[in-house]
Amino acid sequence: MSGNVQLLNDTLAAAKAEGRSALIAYLPAGFPTVDGGIEAVKAALEGGADVVEVGLPHSDPVLDGPVIQTADDIALRGGVKIADVMRTVREAHRATGKPILVMTYWNPIDRYGVERFTAELAEAGGAGCILPDLPVQESALWREHADKHGLATVFVVAPSSKDERLAEITAAGSGFVYAASLMGVTGTRETVSSQAEDLVRRTRATTDTPVCVGLGVSNAVQAAEVARFADGVIVGSAFVKRMLDAPDAAAGLEGVRALAADLARGVRRQV
């Protein structure tokens, strides 16, 4: 079965045709439970997210800040497995028809098996994978299997990336380019880094693939600011924080849905 890379491409193209950025939400699988995590992903999509990245919880993250680390710890202590990640993708995509990616570090895939992981992700209806710690020069095996199964390979670029390196990364990737707006880990911030716009400009000079900005966006005003220059706005910690701060599961889901609606107005610059 082929994955949904074309659905991802079409979704990003449709947002561009509407004259707006796409809203991409991030939520970890298994948080606060596997079933609760599935409902959270559905709530983000129902609220207005165009795409969701489902995080594969990891015990030793390099990109995730304290909010997502807290959620990952809860998921890992709850016994979340890769099969639960695949189930999250399957059920959220089946319920909404929207593109779902997995965001994961390389070690779990390497241990699970590249062919097995890509085949199962495609079978679940996944659109692709974001791989923040997989060097492009070591990605040939992954890309071979991802291409075979119709999955996007999204790489991360950073403000420190030289132009030559940007060209190498964007030539190898597909779906979209994840532009980390600052050097550091994920988390909500008072302002969006001024480096983001320059990084998008430099990245666009190397590719026609959409460039989506993440790290730091937490509200509609910031989303509107990033939407001026990016093809997509990626929000993670703010969604997770709504769930962590909620008094109960139902309130957490309502918080996710409300934040998605607010951010959806932001990417349409209706704030």
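What covers the buried residues of H3? The cover includes strand S1 (22-28) and helix H11 (237-245). Welcome to this structure, which is a predicted model. The points below walk you through a few of its helices and loops, one topic at a time.

**Helix H3 and its two sides**

- Helix H3 runs over residues 66-77, and its twelve residues should span 16 Å at 1.5 Å a residue; the end C-alpha atoms are 16 Å apart, so the two values agree.
- Ile68, Ala71, Asp72 and Ala75 are the buried residues of H3.
- Just after H3 comes Gly79, with a positive phi of about 85°.

**Where H2 and H4 pack**

- Two packed helices are described by the angle between their axes and the distance between the axes.
- For helix H2 (residues 34-47) and helix H4 (residues 82-96), the angle is about 35° and the axes are 9 Å apart.
- The crossing that H2 and H4 make is right-handed.
- On the H2 side, the contact is made by Val34, Asp35, Ile38, Val41, Lys42 and Leu45.
- On the H4 side, the partners are Asp84, Arg87, Thr88, Glu91, Ala92, Ala95 and Thr96.
- By kind, the residues of this contact between H2 and H4 are six nonpolar, two polar and five charged.

- Helix H8 covers residues 163-172, and its buried residues include Leu166, Ile169, Thr170 and Ala172.
- An arc of only 160° around the axis holds these residues, which puts them on the same side of H8.
- The face of H8 turned away from that buried side carries Glu164 and Ala171, both exposed.
- Packing against the buried residues of H8 are H7, strand S6 (156-157), strand S7 (177-180) and helix H9 (195-204).

**Two loops to visit**

- Pro32 sits in the loop between S1 and H2.
- The peptide bond joining Phe31 and Pro32 is cis, with omega about 0°.
- Is Glu138 buried or exposed? With a relative accessibility of 56%, Glu138 counts as exposed, because exposed means over 50%.
- Glu138 and Ala152 are 14 residues apart along the chain, and their C-alpha atoms are separated by 16 Å.

Definitions and conventions: Residues are numbered from 1 along each chain as its sequence is written. This is a predicted model: local features need pLDDT of at least 70, side-chain atom pairs count only at pLDDT 80 or more; totals for chains, interfaces and linings use all residues. Side-chain values use heavy atoms; hydrogens and water are left out. Axes are lines fitted to C-alpha atoms, for helices over the stretch in contact, and angles run from 0 to 180 degrees between N-to-C directions. Helices (H or I, at least four residues) and strands (E, at least two) are DSSP runs, numbered from the N terminus. A crossing is left-handed if the near helix is turned anticlockwise from the far one by less than a right angle, and right-handed if clockwise. Contact means heavy atoms within 4.5 Å. Ala, Val, Leu, Ile, Met, Phe, Trp, Tyr, Cys and Pro count as nonpolar, Asp, Glu, Lys and Arg as charged, and the others, Gly among them, as polar. The expected span of a helix is 1.5 Å times one less than its number of residues. Buried means under 20% relative accessible area, exposed over 50%, partly exposed in between (1.4 Å probe, protein chains only). The arc is that of the directions from the helix axis to the C-beta atoms.
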